Amino acid sequence: MDNTNTGKEALFSPGCEPVVDDEERRRLLWLMAEYFRTIGCTDLKARLPGFMPPPILSGTIEDHRPDFTCRQSDSARTPIILEIVTPGMVEDPTTENRWSLLSSAAKLYNAELHFVVPKWAPRGAVDPVLKRRLARMELTANRVWTV
């Protein structure tokens with residue numbers, strides 16, 4: 001019997017891998033997916049097992065898949081694009097291209113761009129660091145959640 005496909009590829013649906021591998025991101029994403037489901041949002045897509053993954057966004061340099069997307073229960077069914085940011089990611093230069101693409105997609109689709117950070121980290125609060133970084137990149141988030 002050939003056991004070459006016993007790794008994570010067999011366990012998780014395509015599109016989930018990077019989030020599922022990171023326990024902190026996965027925990028925050030589960031929390032937000034349940035929150036948005038509870039308040040009546042529809043068309044929930046998440047990079048989690050059991051969910052349909054969000055579609056890949058095509059960028060000029062790289063393509064990226066949002067962590068989570070849904071539609072709000074308002075009359076316009078406003079879309080939300082949500083990104084989970086862990087303390088290790090907040091100053092990571094490789095996130096710049098990803099966040100710029102998510103911001104552009106939010107503008108294109110009249111969506112809200114939300115970021116989620118942990119409430120506490122060993123090095124202190126993450127949200128002010130994220131907000132300063134987004135300002136330096138000239139990106140605007142509709143909301144930064146601390147959970």
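User: What makes the contact between Arg25 and Asp67 a salt bridge?

Analyst: In this predicted model, the side chains of Arg25 and Asp67 come to 2.7 Å, N to O. A salt bridge needs an Arg or Lys side-chain nitrogen within 4 Å of a carboxyl oxygen of Asp or Glu, so the pair at 2.7 Å qualifies. The two residues belong to distant parts of the chain: Arg25 is in helix H2 and Asp67 is in the loop between E1 and E2, 42 residues apart.

User: How many salt bridges does the structure hold?

Analyst: There are eight salt bridges. One of them joins Arg98 and Glu83, whose closest N and O atoms are 2.8 Å apart. Because Arg98 lies in helix H3 and Glu83 in strand E3, this pair ties together parts 15 residues apart in sequence. Both Arg98 and Glu83 are buried.

User: What makes Arg25, Arg47, Asp67, Glu83 and Arg98 one network?

Analyst: Salt bridges that share partners join these residues, Arg25, Arg47, Asp67, Glu83 and Arg98.

User: How do you know that Glu34 and Arg37 form a salt bridge, and where do they lie?

Analyst: The closest N and O atoms of Glu34 and Arg37 are 3.0 Å apart, and the cut-off is 4 Å, so the pair counts as a salt bridge. Both are in helix H2, and because they are three residues apart, about one helical turn separates them. An α-helix has 3.6 residues a turn, so residues three or four places apart point the same way.

User: Why are Glu34 and Arg37 called partly exposed?

Analyst: Glu34 has a relative accessible area of 35%, and Arg37 has a relative accessibility of 43%.

User: How do you know that the span of helix H3 is close to the expected one?

Analyst: Helix H3, residues 95-108, has 14 residues and reaches 20 Å from its first C-alpha to its last. At 1.5 Å a residue, 20 Å is expected, and the span is close to that. Asn110, which follows H3, has a positive phi near 50 degrees.

User: Which residues of H3 are buried, and what covers them?

Analyst: The buried residues of H3 include Thr95, Trp99, Leu102 and Ala106. Their cover includes helix H2 (23-38), strand E3 (79-84), strand E4 (112-117) and helix H4 (127-136).

User: What makes E1 and E5 the edge strands?

Analyst: The open sheet has five strands in the order E1-E2-E3-E4-E5, with mixed pairing. E1 and strand E5 (143-146) each pair on one side only. From one strand to the next, the twist averages 20 degrees.

User: What makes E2 and E3 a pair?

Analyst: Pairing needs at least two bridges; E2 and E3 have four, in the antiparallel sense, so they are a pair. Ile80 in E3 is the bridge partner of Cys70.

User: Why is Pro53 called buried?

Analyst: Pro53 has 17% relative accessibility, so it counts as buried. Pro53 sits in the loop between strand E1 (42-46) and strand E2 (68-71).

Methods: Residues are numbered from 1 along each chain as its sequence is written. This is a predicted model: local features need pLDDT of at least 70, side-chain atom pairs count only at pLDDT 80 or more; totals for chains, interfaces and linings use all residues. Side-chain values use heavy atoms; hydrogens and water are left out. Buried means under 20% relative accessible area, exposed over 50%, partly exposed in between (1.4 Å probe, protein chains only). The expected span of a helix is 1.5 Å times one less than its number of residues. Contact means heavy atoms within 4.5 Å. Axes are lines fitted to C-alpha atoms, for helices over the stretch in contact, and angles run from 0 to 180 degrees between N-to-C directions.
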